[in-house]
Amino acid sequence: MQTDIDPRSLIGRKAFDRDGAKIGTIDEVYLDDATGTPEWAAVRTGLFSRDAFVPLEPSTFADDILRVPYERSLIKDAPDFGVGRHLSPEQEIQLYQHYGLELSASPEAPAPPPEDRSFGRLAGGED
């Protein structure tokens, strides 16, 4: 995804799957605490307002629409961790595995302590 976009500008925007089907509306954007890079978006889906996490990379944002390069069914089956709190390193690994994305570090390697590396800081949230 383009790195020059303010992640807060994604909130409230529509998200669509690879086939152009509407997934839902972006509720929150999660940043990697170590890099500050927008990494995940929580998209409110369906009648029950469940939030599905979608990766912002390799998604694209153009014309006020987030296009996620995965099938809607895969997105709706993503692990549900709730919104409004940090994603733990273990939760992030589950999301990477769900979407078949490569991790920068081996999942077998021990996770650093949360104070050294924490994932999923909310965009616009306090540091």
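Predicted model: local features only at pLDDT ≥ 70, side-chain atom pairs only at ≥ 80, totals over all residues.
1. The partner of S4 to consider is strand S3, residues 38-45, which runs antiparallel to S4 and is joined to it by 6 bridges. Within this pairing, Trp-40 has Pro-55 of S4 as its bridge partner.

2. The largest nonpolar core of the model holds 26 residues, and those with the most contacts inside it are Ile-26, Trp-40, Phe-53, Val-54, Leu-66 and Ile-75. Two or more residues are given to this core by each of strand S2 (22-32), S3, S4 and helix H2, and S2 gives the most, with 5 residues. As background, nonpolar side chains tend to be buried together in soluble globular proteins.

3. Val-54 deserves a separate look, as a residue among those with the most contacts inside the core. Leaving aside residues up to four places away in sequence, Val-54 touches Glu-39, Trp-40, Ala-41 and Val-43, and also Leu-66, Val-68, Ile-75 and Tyr-99.

4. Gly-82 is found in the loop between helix H1 (72-76) and helix H2 (89-99). When residues up to four places away in sequence are not counted, Gly-82 touches Tyr-30 and Phe-53. Gly-82 and Ala-52 are 30 residues apart in sequence, while their C-alpha atoms are 8.6 Å apart in space.

Technical notes:
Residues numbered from 1 in each chain as written. Heavy atoms only, no water. Pairing = 2+ DSSP bridges. Helix = DSSP H or I, 4+ residues; strand = E, 2+ residues; numbered from the N terminus. Contact = heavy atoms within 4.5 Å. Core = buried A, V, L, I, M, F, W, Y, C linked by side-chain atoms within 4.5 Å. Buried < 20%, exposed > 50% of the residue type's maximum accessible area, 1.4 Å probe, protein only.
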